[in-house]
Every structure is written in C-alpha cells, then in structure tokens.
Amino acid sequence: MGNANTILIENFTGLGLSQVYQLKGRVGRSNRQGYCYLLKTRNITKQGRQKEESMLKVEGVKSGGFQISMEDLKIRGAGEILGDKQHGTIETFGYDLYIKMLNEEIRRQKGKFVEKIENVEIILDERGFIPETYIEKDERLNIYKRFAMLETNEELAELLDEVRDRFGKIPEQMKKFILSIKLKLFAEKHKIQRILETRNHFELYFLENAQEERAELSEKMEMKKVVKIINSTVLTEKNKKEDIADNFVIMKVKKNEFIKNL
C-alpha cells in the first residue's frame, strides 16, 4: 500500500527485532514520510527491556538492518539445533542461517568445532551502510543478515560477487560496511576482542592468551604496544563482572599497512 504512512505495533517487545524492523518497513514506501509507533505493556520481561534498548541503539542508523539482526540473535539466542530448545528454526532465522548453524552444531558434536571470539567490537569513525537506492528494503535486510552470518573471507568474496551480479557496482557508502565485516572476520580469527579506528592507526585489543596470534601478525606488520587503562563501563555490556576481569594487550598498527594484510 503505497499511500500507507503510519503503523502501530502493539506489544512490540513480544516480537523478534527482525520482525519489528520488517513491519516498520511496510509504511513510508512511496514519497511520503513514514511513521512507526512501538507500543509496550507495563509488565515487560528482561528480554523485552533488552529489545527496547536495542531499538533505541539503532534508531536513525542507516545500517539498522544489520545491527538489528545481530542484536536479535544476541538476545534470543540460536537455540539447540540438534536438541530440544528450538529457537533456531528455519522460520525464525531463514534457510541460510539455519543451515550454517546446523553445520556448526554437527562440527561441535564431532569435536571438530573451533570456538570463535564472541561479541567482537568494530569501532570505526563512520558507519558504512547499504543504500536504499542500491537494494530495496526487504531484500536489503536479508543481505544484512547474510553478511552477519559470514565466517570466512572466502564466503565474503562469494557474497560480494553475488551482490555485484544482482545489483551492480558496489556503491561508495557500502565500502566502509564491507571493511567492518573484514575486520570482524580478522578479529575472530586472531583472538582480538575489539578493533578501534583512530586518526592514523587501528588499535587491536588482543586477549591475553593470544600470544601466538600476536607473534604471527608481528612478522607481517609493524605493531606497537599501547598502554591504556581500561574502564569496564566502556566495554561490551555482555557481562560487567567478566569485563572487569578481562585483560587486553593493546597493539596499534598503521591503517594502510593493516588493511593490506586483511
């Protein structure tokens, strides 16, 4: 309905964040300004409060589809694909994500699963995004989800080839977003909890047990140690007690040199 410009979503905290985001996109699809009102009940669960906070966090962000997908997966969890707690169904996460989670669980059962760093933070001076003029709303959310699921640079290259084939040349606004995905994959592989962009450098927050990874990267690029006091309230809000106990070895590397080695 091209003329519809307002939608009210009652008890939105009872829905998945991706569902809310998709419903929000049903109005304002023409040249009219769209309005979405999210209504909640007085009795709200802990998960409901997390969803409300997540919606506030991504409000106004053009790459909101990707952020929403990540927040939704973090709050609701993936479920037990081969067990009884079936949050991770095809209907909830889509076929591609379901198959990826299924393969991961199979590797876990066979003892071949390699644990990755979770909740990696990539903090850049500007957020890239997929422009609405490049990919339409509904499909854009699906593409964001697929980027969120990537595990290797090979998978990233395949997805980028598909995107170019389907939608044309990658726009400038999207290149910073692609960089953030490359940084995330790099961090997960090398036990880096956070990558922070500064004026001329990237700061890499290595876990304490990442001696081998630091040594490997030191042979490829020049890294200098940074001495910094970590304030626990600045770190990822996964668990404050864990954050206080975390100790990082912070190294900085010049931007151009680092990007060449991604």
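## Charges, cover and contacts

Tutor: Start with E162 and R166: both sit in helix α7 (residues 153-167), four residues apart, about one turn of the helix. Helices (H or I, at least four residues) and strands (E, at least two) are DSSP runs, numbered from the N terminus. This is a predicted model, where local features need pLDDT of at least 70 and side-chain atom pairs count only at pLDDT 80 or more, while totals for chains, interfaces and linings use all residues. Residues are numbered from 1 along each chain as its sequence is written, and side-chain values use heavy atoms, with hydrogens and water left out.

Student: What do the side chains of E162 and R166 form?

Tutor: A salt bridge, 3.1 Å from N to O. The term means a side-chain nitrogen of Lys or Arg within 4 Å of a carboxyl oxygen of Asp or Glu. Side chains of opposite charge can pair when their charged atoms come close.

Student: How accessible is E162, and how accessible is R166?

Tutor: E162 counts as partly exposed because its relative accessibility is 26%. R166 is partly exposed too, at 41%. The cut-offs: buried is under 20% relative accessible area, exposed is over 50%, partly exposed is in between (1.4 Å probe, protein chains only).

Student: How many salt bridges turn up in the whole structure?

Tutor: Twelve. One of them joins K255 and E197, with the closest N and O atoms 2.8 Å apart. That pair links distant parts of the chain: K255 is in helix α11, E197 in strand β4, 58 residues apart. Salt bridges that share partners join D125, K176, E197 and K255 into one network.

Student: How far apart are the closest N and O atoms of D125 and K176?

Tutor: 3.2 Å, in a salt bridge. Again the pair links distant parts of the chain, 51 residues apart: D125 is in the loop between β3 (121-123) and α6 (137-149), K176 in helix α8.

Student: Which is D125, buried or exposed? Which is K176?

Tutor: D125 counts as exposed because it reaches 54% relative accessibility. K176, at 18%, counts as buried.

Student: Back to K255. Buried or exposed?

Tutor: K255 is buried, because its relative accessible area is 17%. K255 lies in helix α11 (residues 255-260).

Student: Which residues does K255 touch?

Tutor: D125, E197, T198, R199, N200, H201 and F202, leaving out residues up to four places away in sequence. Contact here means heavy atoms within 4.5 Å.

Student: Switching to α9. Which residues are buried in that helix?

Tutor: In α9 (residues 211-218), E213, R214 and L217 are buried. They are on the same side of α9, because they cover an arc of only 100° around the axis. The arc is that of the directions from the helix axis to the C-beta atoms.

Student: What do the buried residues of α9 pack against?

Tutor: α8, β5 (201-207) and β7 (248-254).

Student: Now the surface. Which residues form a nonpolar patch?

Tutor: L8, Y35, Y37 and L39, with about 410 Å² of accessible area together. Patches take residues with over 30% relative accessible area and no salt bridge; like charges are joined within 9 Å, nonpolar side chains (Val, Leu, Ile, Met, Phe, Trp, Tyr) within 5 Å. Areas come from the Shrake-Rupley method with a 1.4 Å probe; for residues, only the protein chains shown count as cover. L8 is in strand β1 (residues 6-9), and counts as exposed because its relative accessibility is 56%.

Student: Backbone next. What is phi of N11, and of K191?

Tutor: N11 is near 50°, a positive value in a residue other than glycine. K191 is near 55°, also positive and also not glycine. N11 lies in the loop between β1 and α1 (17-24). K191 is in the loop between α8 (172-189) and β4 (192-197).

Student: Last one. What are the overall numbers for helices and strands?

Tutor: Eleven helices and seven strands. Of the 262 residues, 39% count as buried. The protein exposes about 16,300 Å², and carbon and sulfur atoms supply 47% of it.
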